[in-house]
Amino acid sequence: MNREEQIQTMANTAFWDIIIIGGGATGLGSALDAASRGYKTLCIERFDFSKGTSSRSTKLIHGGVRYLEQGNIKLVRGALLERSFLLNNAPEMTKAIPFILPVYSWFKFLYYGIGLKIYDLLSGKLSIGKTQFLSSKEVIKHIPEVNPQRLKGGILYFDGQFDDSEICMSLVRTAIHYGATVVNYCASTGFIYDNGKVAGIISKDQLSGKEFRLKAKVVINATGVFADEVLRKDNPKHKNVVSPSQGIHIVVSKSFYSGQHALLIPKTSDGRVLFVVPWHDKVVIGTTDSKIKDPVIEPVAASEELDFVMNNFNQYTSKNITKNDFLSVFAGLRPLVKMSNIQSTANLMRDHAIFCSDSGLITITGGKWTTYRKMAKDVVNRAIIQGCFPFKKCITRTVRLMQKPVILSNNVDDIKLLHPDYSFTVLDVKNALRQEMAITLEDVLARRIRLLFLDVKAALSCAEIVADIMQHELGKDKVWKEEQLQSFRTLAKQYLPETQS
Ligand SMILES: Cc1cc2nc3c(=O)[nH]c(=O)nc-3n(C[C@H](O)[C@H](O)[C@H](O)COP(=O)(O)OP(=O)(O)OC[C@H]3O[C@@H](n4cnc5c(N)ncnc54)[C@H](O)[C@@H]3O)c2cc1C
């Protein structure tokens with residue numbers, strides 16, 4: 001994957017069938033869907049791929065146990081189907097993971113037990129493991145840190161897990177393989193019109209500053225929480241359709257949670273569920289649901305959110321983590337579909353919605369990572385109608401997502417570790433630049449290797465080494481390197497807030 005080649009193709013193509021704005025799960029999934037049906041497709045992202053919400057999820061491929069409790073069977077069943085497609089299409093990058101829901105009353109044992117049996121039944125033949133009732137002894141065996149006081153037992157069930165940014169990169173790779181053109185650091189800044197109808201976009205290469213007028217039969221707005229911002233460029237009087245909701249995660253070491261099983265806390269103090277999930281040899285705990293007015297690309301965890309997650313974890317375990325134990329904190333914004341009369345984002349629809357503006361601009365928002373493929377299918381079906389294209393069937397149910405190519409090196413320097421506690425090497429950095437369109441130090445440390453999300457101090461301590469490798473590989477000067485380091489260090493502070501330095 002080479003960004004220059006992608007830019008050249010973008011510049012030299014006179015006419016696109018479909019242009020997709022946004023390089024998160026929804027936009028990239030749509031690019032793969034459209035290209036694999038044979039439509040001439042361009043997808044642009046104004047920052048790095050998955051820089052938005054799609055790198056900040058809980059990393060679960062799930063039907064959503066919580067939505068079952070709300071009686072939203074259709075949503076759960078659909079997501080469970082999608083769970084199985086993603087597990088099948090990316091077996092090397094996804095896995096089934098056992099969850100335990102601990103119960104502290106016999107009534108709850110029955111209540112959650114029946115619920116999770118239904119959850120398993122809804123996945124039908126696509127079940128990835130049977131729901132089981134566990135004794136309190138068995139729960140403690142699997143999760144030694146669980147709070148044992150008045151523990152009656154637990155319910156074991158299965159869901160899927162992945163690395164969100166890794167799957168985004170594999171969507172880029174697979175979409176390009178099927179003929180799509182995909183460019184990061186390229187923003188859509190406005191629209192081109194023909195008789196009042198959207199007939200393309202104006203895009204700006206964020207690195208060179210160059211502008212392009214790109215013509216297309218259909219334009220899809222897949223910009224997550226920024227969908228309204230894009231819609232307002234089309235119609236300044238547009239009324240918001242997205243209600244952003246912030247969720248945060250804290251990451252701690254396995255010394256606070258040694259089990260291989262994830263923990264589902266069914267009812268937190270605000271009535272939500274909280275997940276404790278082993279991930280890349282660390283533990284991710286989250287999340288929250290706080291209404292946000294103005295979306296930003298780098299949301300910051302609020303102090304109350306940190307306390308909320310920490311206190312609920314401490315209540316359900318025998319551990320007592322403090323803010324000094326955080327290795328990383330990351331926040332993301334859910335692009336929830338706005339519904340009138342509902343104030344709390346926790347109650348907003350988790351399904352996706354497709355809107356078509358008077359100008360013909362198509363917008364897709366809502367949904368979740370797990371359902372990105374179905375969202376892509378639905379929006380491309382809508383684009384086919386809008387563009388009067390000859391209908392071609394969606395094939396992504398069985399399209400295998402391509403893994404990162406393994407590149408070997410006989411240079412001993414390439415296998416040097418970036419940090420003594422982590423297996424990431426010099427070659428990983430080079431591959432991120434050569435194979436995965438990484439442009440900045442942050443791209444490498446946050447989304448090609450996930451060190452910023454796993455351990456901020458470790459990421460900071462190897463930042464200089466990584467910047468050196470990048471400077472050399474990209475032929476940049478010292479000023480570039482210092483700028484990269486400075487902006488990465490500023491960003492990293494947000495991922496380790498408050499008490500720590
Ligand atoms: C805390 C949290 C936990 C979650 N956990 C899970 C989970 O475990 N499982 C699950 O299934 N789902 C989960 N979700 C939901 C899931 O992460 C989101 O639904 C999904 O990532 C949204 O993807 P998207 O592509 O629509 O948006 P985004 O990933 O935000 O992508 C939109 C992109 O558009 C780009 N963009 C904006 N404006 C422009 C422009 N003018 N030009 C070009 N590009 C532009 C942005 O930079 C951004 O990268 C979670 C969400 C949150 C917030």
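User: Where in the chain is the place of Asp281?
Analyst: Asp281 sits in the loop between β13 (274–279) and β14, with strands here being DSSP runs of E of at least two residues and helices runs of H or I of at least four, numbered from the N terminus. This is a predicted model, in which local features need pLDDT of at least 70 and side-chain atom pairs count only at pLDDT 80 or more, while totals for chains, interfaces and linings use all residues. Residues are numbered from 1 along each chain as its sequence is written.

User: What makes Asp281 exposed?
Analyst: A residue is exposed if 12 or fewer other C-beta atoms, placed from the backbone, lie within 10 Å of its own, buried if there are 20 or more, and partly exposed in between. Asp281 has 12, so it counts as exposed. Phi of Asp281 is near 65°, a positive value in a residue other than glycine.

User: Why does Lys59 count as buried?
Analyst: Lys59 has 26 C-beta neighbours inside 10 Å, so it counts as buried. Lys59 also has a positive phi, near 70°, though it is not glycine. You will find Lys59 in the loop between β2 (41–44) and β3 (60–61).

User: How do α11 and α15 pack?
Analyst: Helix α11 (residues 426–435) and helix α15 (residues 463–474) meet at an angle of about 45°, with their axes 10 Å apart. That makes α11 oblique to α15, because angles under 35 degrees count as roughly parallel, over 145 as roughly antiparallel, 65 to 115 as roughly perpendicular and the rest as oblique. Val426, Val429, Lys430 and Leu433 of α11 make the contact with Val466, Ile469, Met470, Glu473 and Leu474 of α15. These residues divide into 7 nonpolar, no polar and 2 charged.

User: Which residues have the most contacts inside the largest nonpolar core?
Analyst: They are Ala175, Ile220, Leu445 and Val466, in a core of 135 residues. A nonpolar core is a set of buried Ala, Val, Leu, Ile, Met, Phe, Trp, Tyr and Cys residues joined through C-beta atoms within 7 Å. Another core, of 5 residues, lies apart from the largest one and includes Leu75, Ala79, Leu80 and Leu81.

Technical notes. Axes are lines fitted to C-alpha atoms, for helices over the stretch in contact, and angles run from 0 to 180 degrees between N-to-C directions. Two residues are in contact if their C-beta atoms, placed from the backbone, lie within 7 Å. Ala, Val, Leu, Ile, Met, Phe, Trp, Tyr, Cys and Pro count as nonpolar, Asp, Glu, Lys and Arg as charged, and the others, Gly among them, as polar.
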